[in-house]
Amino acid sequence: MRVAGRKSRSHTPPTPPVPLMVSWQFRHAGFSLQAVIPAGSNATVYIPCSPDAGITESGTPLPAGTGEAGDLTDKGWKDGYRILDVASGTWRFDAR
């Protein structure tokens with residue numbers, strides 16, 4: 001789900017058998033997104049940010065550049081978004 005012109009949003013689309021949950025918020029210091037991806041699924045996450053933004057996942061900085069780190073693959077930055085592929089689980093991203 002791409003975000004444009006909104007301050008916050010929470011969404012649970014009907015995805016059988018277990019729903020996907022996404023919530024995000026623009027704050028003074030940046031952008032936060034939390035996603036719960038059901039077991040056996042994966043997702044592509046778009047983080048709105050500048051190319052040099054510091055991004056963390058659950059407080060741990062993402063490595064610089066593209067590449068794979070466990071259940072997360074950094075696809076790089078394009079058109080105002082950092083693009084991440086993630087496996088099932090709970091994810092919390094912050095961009096500053």
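This is a predicted model: local features need pLDDT of at least 70, side-chain atom pairs count only at pLDDT 80 or more; totals for chains, interfaces and linings use all residues.
**Exercise 1. Proline 48**

Solution: 
- Next, take the relative accessible area.
- Apply the cut-off: buried means under 20%.
- Finally, check a distance. Between the C-alpha atoms of proline 48 and glycine 30 there are 9.3 Å in space, with a separation of 18 residues in sequence.

**Exercise 2. Strands 2 and 3**

Task: Work out in which sense strand 2 and strand 3 pair, and over how many bridges.

Solution: 
- Set the limits. Strand 2 covers residues 21–27, and strand 3 covers residues 30–48.
- Read the pairing. The sense is antiparallel, with seven bridges.
- Pick one bridge. Methionine 21 has valine 36 of strand 3 as its partner.
- Two residues sit between the strands, and the pair forms a hairpin.

**Exercise 3. The largest nonpolar core**

Task: Find which residues touch the most other members of the largest nonpolar core, and which element gives the largest share.

Solution: 
- Begin with the members. The core has 19 residues, and Leu33, Ile47, Val86 and Phe93 touch the most others.
- Trace the sources. Strand 2, strand 3 and strand 8 (81–95) each give two or more residues.
- Strand 3 gives the largest, with seven residues.
- Examine valine 86. Beyond its neighbours within four places in sequence, the contacts of valine 86 include Ile37, Val45, Leu72 and Phe93. Asn42 and Asp71 are also among them.
- Nonpolar side chains tend to be buried together in soluble globular proteins.

Terms used: Residues are numbered from 1 along each chain as its sequence is written. Side-chain values use heavy atoms; hydrogens and water are left out. Two strands pair if DSSP finds at least two bridges between them. Helices (H or I, at least four residues) and strands (E, at least two) are DSSP runs, numbered from the N terminus. A nonpolar core is a set of buried Ala, Val, Leu, Ile, Met, Phe, Trp, Tyr and Cys residues joined through side-chain atoms within 4.5 Å. Buried means under 20% relative accessible area, exposed over 50%, partly exposed in between (1.4 Å probe, protein chains only). Contact means heavy atoms within 4.5 Å.
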